[in-house]
Amino acid sequence: MATHRDLKQWKVIVIGAGPAGVRAAQALVEAGLRPTVIDEGRRDGGQIYRRQPEGFSRSYETLYGTEAARAASLHRDFDALRARIDYLPDTLVWNIGPKALHVVSGSRYDELAFDALIVCSGATDRLMPVPGWHHAGTFSLGGAQVALKSQGCAVGARTVMMGTGPLLYLVAAQYVKAGAKVSAVLDTSTFAQRMRALPQLLAMPSTLRKGVALMKVLRRARVPVHRGVTPVAIDGSSGHGVTGVRVTLANGATLDVKCDAVALGYHLRAETQLADLAGCEFRFDHATQTWLPHIDADGRSSVAGVYLAGDGARVRGADAAERAGRLAALAALHDAGIEREGALQLRTELARFTRFAAGLRVAFPWPARFAAALPDDTIVCRCEAITAGELRRVVRDMGAKEANRAKAFSRVGMGRCQGRYCAHAGAEVIAAEARVPLEAVGRLRGQAPVKPLPMALVPKRAVRRDSEQQTDSRAQECSE
């Protein structure tokens, strides 16, 4: 067992203050540690339980709906931890080196040493391009949710929600409850697919009931819901932005919905860039058709001392993320010789969430077939304005059948988002044109910085080993 002196010297950093990060920090504090919690957000809660800005007074029921009680519990527990952790909000981890993080807050740069690292990086929207999605007024579902929670506003006066997955209905219901106008919900999945998934979805009946409750909210508000649609185009112009959405309905008819904003999303993708920079091994997951970091049942990665938890490792939802975060912390403690109870129960509970997540993939499948049908002039990479036709050209004329080779020849994935929003669909376009399995296309390698940095930064060479050094050795701000 570790001694009290060992505990004081053992440096554990948790990245992320969402459901997984908060529960990981809580487990560490209960074991007598004082972990550092780094969060890119200004306040804790992550994406799903994002707190409203100071001064806003909307109720938990208004903000979080069926998840109000869980959001309140997570926020309350984090508030209780604040005095027992080193909390660094508004801080971006932009690179990971051997046993050290590279972080920036404002124009201040630091290197923070760690003995154990628990990465709880969460998830972002998984997106499939559609002609016209580059028009102003097109958002991801997550972006539309952030606007509602953080700014207290809708992304448009008449918003269409399009895509598939639980988040589609959650955001639509949240908009309705906030008094915003939802012109239509356009779902690419079908009712038959939901029925096929029902046996797996019954693994979590309470969660299934929440989904039914969301549908009731939309029905009461008389929001048109269309299933089995095929997106045709988002209409608009450079001068006016989005003006409408066109889809083909399941019966073959064309539907044209007038709107001034569109929120898109096809379930979620794990945010894995930090795991990549940490050197973690990745494997192709056939169930989700994505590359994911390899972890054991408790969240240990292939790199000693690096643990991965929550949706950043496996997308299973907020409830599962809370359990995975605590389990990863228990694994880190165990590896340091500190035994804590509860791991077996957490593994058992997570198995149920894993079955439910498998059901969601059947009920709301990723529409890979859409990629092959994209017109050549459809923009795939919005940051660099790379079209589907350009991607097909580098495959056909330059033999770029691998993701990073296609990136080198076309610049796809080189923009501000570093491939977060185009990599999956881009790989599908490449695979369809090259007539190879998606797995053969590979994945875009992570590059630092994972997000843009301010120019006015002065790096420090020394790696901090304790909180006093972190306070005394803050990086200088550059003057222009």
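## Charges and a covered helix

R269 is buried, its relative accessible area being 7%. Keep in mind that this is a predicted model. R269 pairs up with E271 in a salt bridge, with the closest N and O atoms 3.8 Å apart. And E271? At 11% relative accessibility, E271 counts as buried too, since buried means under 20%.

| Salt bridge | N to O distance |
|---|---|
| E271 and R269 | 3.8 Å |
| D86 and R34 | 3.1 Å |
| R396 and D397 | 3.8 Å |

The D86 and R34 side chains meet in a salt bridge. D86 sits in strand 3 (residues 86-88) and R34 in the loop between helix 2 (19-30) and strand 2 (36-38), so this pair ties together parts 52 residues apart in sequence. D86 is partly exposed at 21% relative accessibility, and R34 is partly exposed at 46%. For R396 and D397, both residues are exposed. There's also a salt-bridge network linking D296, D298, R300, D335 and R347.

Now for the positive charges on the surface. K177, K216, R219, R220 and R227 gather there in a patch. Helix 8 (residues 205-220) gives the largest share, 3 residues. R220 lies in that helix and, at 64% relative accessibility, counts as exposed.

Helix 5 (residues 141-151) is mostly covered, with 8 of its 11 residues buried. Among them are L141, A144, L148 and K149. What covers them includes helix 3 (60-64), strand 10 (159-164) and helix 6 (166-177). Just past helix 5, G152 takes a positive phi of about 70°.

Technical notes: Residues numbered from 1 in each chain as written. Predicted model: local features only at pLDDT ≥ 70, side-chain atom pairs only at ≥ 80, totals over all residues. Heavy atoms only, no water. Patch = residues over 30% accessible without salt bridge, like charges linked within 9 Å, V, L, I, M, F, W, Y side chains within 5 Å. Areas by Shrake-Rupley, 256 points an atom, 1.4 Å probe, with all protein chains shown as cover. Salt bridge = Lys/Arg side-chain N within 4 Å of Asp/Glu carboxyl O. Lys, Arg positive; Asp, Glu negative; His and termini not counted. Charge placed at Lys NZ, Arg CZ, Asp CG, Glu CD. Helix = DSSP H or I, 4+ residues; strand = E, 2+ residues; numbered from the N terminus. Buried < 20%, exposed > 50% of the residue type's maximum accessible area, 1.4 Å probe, protein only. Contact = heavy atoms within 4.5 Å.
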